[in-house]
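Dear colleague,

Please find below the sequence and the structure that I am handing over to you. My notes on what was found follow directly after them.

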Amino acid sequence: MANCGQRGRRNVIDVEEWAEIRRLNRAEGMGVKAIARHLGVARNTVRSALRAEAAPKYERPDRGSAVDVFEPAIRQLLAATPSMPATVIAERIGWTRGITILRDRVAELRPAYQLPEAFGRTEYKAGELAQWDLWFPDYAIPVGYGQTAVLPVLVGVPGYSRWILAKMIASKESADVLGGHLALLVELGAVPRVGVYDGEPAISVRRGKRLIYTADYLRLKGTLGMGSVVLAKGHPERKGCVERVNGYLETSFMPGRCFADRDDFNTQLGDWLESKANVRVHSGLRCRPSERIDEDLGAMMALPPVLPDMDAHRDLRLPADHWIRHHSNDYSVHPKAVGRRVHVRVDDTTVTVTLGAETVACHDRVLASHVTVTDAAHDKARRAARAAAEAPRCAADADEVEQRDLAVYDAATGAA
């Protein structure tokens, strides 16, 4: 029930009445007494509304919580064991009500008893490890056919020298990521003893607490003799070298640049790394990466004499529609292979199809989407094969057509 003030008038108003009081005073020029009579509220209420800088709002009085009396016991348990689950705390303090309200209070109190995890500065030995990551520049690269795409850049940083390796790859698929990984190691000329990664699907997957490496990555690391560490989520600082390089590329390489295509991006990036990034004085090392790279390489492992094949491979039977699909693009194959099993090999730049030892298709890889690529020789062979198949049928049809004597028509029409 509303409270009453002067002469039985109300001294509690809602937001709408508060707004109307201010409108009547500022827009209509009405005085306090006139507004009070017009709205039936107390004069002091009108004065308060005019002085207030914010609209009134209802605030429910704090009646406390059922958890309040248990808070000292909760704090005592958390002081002894900061990670104690809320369900165990409920059992220890004799909590009999719903668990949600207790869990919320425990979550509110727990941070005060947990020491933040601190990380010291890590010192790396020469040849010890390299950190790897995918960086996605905020730039859509032209990929042909009037299309653009945001493509990933694989970045690697040896911990000791901080020498930067980077290359834009075609996609996040396993063959492209691992193929790019191998290409950068070949460019480096040696293999760090350990690779450090985050949860990239091309490297590994987690099933519960179990880490499972992909078969392709195991083939790569096994051939190179390289160890690996895959970091759990939520700890980017453990891969800080490469994370800082990603930010450095974003702020120092990208601004003001334009790129014609992926090759142009990699050319500009390679020139910049050689002339700028890898010869600058590194703020953490207090020296240049170029001054440490020889020592780093000398402590790394040598590349194996035979490199692993990280291209994408598959076998299929070529259908009558003699195109094969990779991603969303179709590539023509010579029609001689229709109905026979062919082998498809896709590397960073090329799509190749072989029939036994014979190459029946070789196309430049297209990074655009939903494109049909047709070799003119394949199309010509298809047309010739169709014409050759239709020629005997047309000849047979021609032999079966009855030849009518035209004199019959002349007699019928009186033209004879």
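A salt bridge is a side-chain nitrogen of Lys or Arg within 4 Å of a carboxyl oxygen of Asp or Glu. By this criterion, the structure holds 16 salt bridges. Please note that this is a predicted model, in which local features need pLDDT of at least 70 and side-chain atom pairs count only at pLDDT 80 or more, while totals for chains, interfaces and linings use all residues. Residues are numbered from 1 along each chain as its sequence is written, and side-chain values use heavy atoms, with hydrogens and water left out.

**Salt bridges**

Arg-105 pairs with Asp-68, and their closest N and O atoms are 3.0 Å apart. This pair links distant parts of the chain, 37 residues apart: Arg-105 belongs to helix 6 (residues 99-109), whereas Asp-68 is in the loop between helix 3 (43-51) and helix 4 (71-80). Helices (H or I, at least four residues) and strands (E, at least two) are DSSP runs, numbered from the N terminus. Arg-105 is buried, with a relative accessible area of 14%, and Asp-68 counts as partly exposed at 35%. Here buried means under 20% relative accessible area, exposed over 50%, and partly exposed in between (1.4 Å probe, protein chains only).

A second salt bridge joins Arg-75 to Glu-71, again with the closest N and O atoms 3.0 Å apart. Arg-75 and Glu-71 are four residues apart in helix 4, so about one helical turn separates them.

In a further salt bridge, between Asp-311 and Arg-345, the closest N and O atoms are 2.9 Å apart. Asp-311 lies in the loop between helix 11 and strand 10 (312-317) and Arg-345 in strand 13 (residues 341-346), so the pair ties together parts that are 34 residues apart in sequence. Salt bridges that share partners also join Asp-68, Glu-71, Arg-75 and Arg-105 into one network.

**Helix 11**

Which residues of helix 11 (residues 289-299) are buried? They are Pro-289, Ile-293 and Asp-296. The face turned away from the buried side carries the exposed residues Glu-291, Asp-294 and Gly-298.

Yours sincerely,
A colleague
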